[in-house]
Amino acid sequence: MMGWITGVGWVAAAGCGRGRTAEAAPQWNDTMVIPARKDLFEKADLRFGRLDGFSRTGLAGITMCLRDADREAWQDKRAIATMALTTGGCLQTDLDYLATVVEGDGKLASPNLFAYTLPNCFLGEAALRFGLTGNSLILQQDGGAELDVLGRALEELAWSNYAGVMVGFCEVPVTGLPCPSSGYGSLFVLIEGTPEPPTGSYGKITLEDNQIFFNDNPLASFRHLLDACLTALKCRD
Amino acid sequence: MKQVVLSRAALVSPLGDGIDTLWQQLVAGQTAIAPFERFATANYISAYAACIKGLVAKGGESLMVAMLERVAQQMGPVPADCRLLVATTKGEIDRLETRSRAGLPPTSADLPEAFIRRVAQRFNLPSGGVNINAACASSTIAVARGAAMIAAGQASAVLVYAADIVSEFVFSGFSALQALSPERCRPFDQQRSGLNLGEAGVALLLLDEERAQREEAPVLARLAGWGAANDAHHVTAPARDGCGLILACRQAFDSAGISAEEVCAINAHGTGTLYNDAMELTAFGSLFDGNIPPLHGIKGSVGHCLGAAGAVEVAVAARALTEQLLPPTVGCRNPEVAGFNRIGEKQQCLNGNYLLCCNSGFGGINGALILQRVVS
């Protein structure tokens with residue numbers, strides 16, 4: 001199974017970024033700032049303001065990824081799927097929502113917060129903003145490697161008629177819980193079936209015998225993949 | 001491509017444990033939706049839900065643990081090489097509620113991975129399971145994913161475990177969204193006024209058909225096709241033209257290699273909300289060129305079981321194909337015009353081999369499955 005990485009976008013400790021404008025590889029650690037509207041979009045955006053922190057972080061990664069692939073603008077809806085791996089998901093939003101329930105014995109339960117107590121909601125937000133009609137799901141796993149989700153994305157691409165699959169991870173701080181191994185933030189890559197976008201591709205990604213390869217070199221992590229993408233871009237330039 | 005079968009199904013539902021009991025109750029037009037006492041509902045817009053009888057949490061544990069135990073006992077051993085796909089939207093949310101009310105922070109036990117591990121351990125499976133969260137289409141998508149894995153030869157056995165409970169967390173949220181029905185819900189009825197929550201735990205064993213034959217495993221139905229698509233329209237409301245559901249169903253027809261005319265019945269999502277049911281009828285009208293086959297929904301009997309809804313409905317749909325009978329849609333006394341003579345409170349006889357099962361959820365997601373009757 002194979003595809004081409006055509007876009008890379010992220011929210012890391014230093015903020016939002018994308019592959020083709022990055023001066024250096026970003027760092028993910030135990031600090032992050034939830035993206036604000038002005039970090040992503042020029043115009044005022046009421047809906048963005050309603051999003052919870054988890055959704056903002058995920059949506060920002062996806063937005064930067066599509067922008068990197070020159071796929072942000074659209075007229076007709078597109079058969080692109082979205083898959084995101086998360087450990088904590090929207091647990092902080094759950095806690096924030098629960099506080100509104102407890103405060104007034106249910107009378108003050110926030111409908112807006114409740115709408116974001118499902119971790120897949122930011123994928124829906126991305127779908128409607130960017131016209132993405134493929135499958136959209138959150139994956140949470142017990143054990144396994146973080147790159148397993150890339151294998152699942154390549155399977156999704158191979159087993160469907162999708163033009164592409166956007167896949168990555170999204171994590172935000174949760175009160176009382178340690179930072180996950182990925183660090184806080186998000187990273188998404190767009191994998192397409194053909195290397196045809198205006199910007200070209202970073203390289204080929206393949207799944208062979210449960211191992212992920214980028215340009216025929218084995219990968220160990222998302223950070224490794226990002227480094228490989230940025231190196232490939234520099235070599236080409 | 002390999003053929004995929006549903007080999008076994010175990011479930012606990014508000015209408016009883018096991019598919020035999022649930023089926024009898026559904027065919028008899030029973031409902032488990034009633035006022036309940038799990039938590040106070042005075043401040044919410046409804047006092048109704050469908051809760052599982054005798055479901056009791058042991059000291060500090062979640063109801064999900066007791067539910068898992070009942071399902072696992074009913075299911076018995078599963079193949080040791082099963083790949084595990086879990087489908088829950090909120091997992092052990094009652095435990096988080098209890099801790100939160102006590103002013104305690106969450107722990108790693110509140111993360112979904114802890115529940116996946118618990119399910120794996122209970123079924124004696126190795127770690128490495130995955131939870132698929134696609135809102136109320138979670139288990140439909142999980143079944144589709146499991147079937148795709150088997151069809152592609154990546155696995156020969158997949159266990160889908162789907163579960164969600166009636167919790168104050170979710171109940172208060174749907175109440176705040178004005179989505180709960182203040183009375184027993186009435187899916188596809190002209191007077192429908194919202195949904196009632198339900199709860200269920202379901203284990204579905206999917207097998208490569210050749211393996212099932214070789215091991216003389218039971219076969220409840222063949223999973224002939226599947227599809228998934230996003231409306232790309234709104235986060236909490238369905239697209240009124242049903243565009244996402246239409247796409248998902250067409251994918252399912254294509255992967256099953258059938259035309260819409262070959263579908264003899266539909267198990268619809270049928271939540272009882274104004275917009276969902278209208279969207280589904282619009283989508284079905286388009287898919288079947290106005291000639292909608294007999295359809296039904298079970299949420300008037302067991303409530304909306306959230307992430308487990310699709311899995312319960314797959315088990316019921318397989319039985320419906322076998323019996324060539326569609327249970328009544330409880331609460332649908334005066335059907336929407338688009339569903340007239342196709343849905344109602346009476347049983348409907350079937351004459352065909354393919355049944356469409358579909359679910360939709362927050363985030364604009366839609367999942368569709370085609371079940372095929374297997375005649376032994």
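This report describes the interface between chain A and chain B in a predicted model.

Local features are given at pLDDT of at least 70 and side-chain atom pairs at pLDDT 80 or more, while totals for chains, interfaces and linings use all residues. Residues are numbered from 1 along each chain as its sequence is written, chains are lettered from A in the order in which they are written, and side-chain values use heavy atoms, without hydrogens and water.

The two chains bury about 4,400 Å² between them, 62% of it on carbon and sulfur atoms; buried area is the accessible area (1.4 Å probe) that two parts lose on being put together, summed over both. The table gives the residues in contact (heavy atoms within 4.5 Å).

| Chain | Residues in the contact |
|---|---|
| Chain A | 51 residues |
| Chain B | 56 residues |

Between chain A and chain B there are four salt bridges, each a side-chain nitrogen of Lys or Arg within 4 Å of a carboxyl oxygen of Asp or Glu. A salt bridge links the side chains of A:E155 and B:R145, at 2.5 Å from N to O.

On the side of chain A that touches chain B, at least two residues each come from α3 (91-103), α4 (111-114), α5 (121-130), β4 (136-141) and α6 (148-158), where helices (H or I, at least four residues) and strands (E, at least two) are DSSP runs numbered from the N terminus. The largest share, seven residues, belongs to α3(A).

Strand β4(A) runs antiparallel to β6 (residues 130-133) of chain B and is joined to that strand by four bridges, pairing being assigned if DSSP finds at least two bridges between two strands. Within β6(B), B:I132 stands opposite A:L139.
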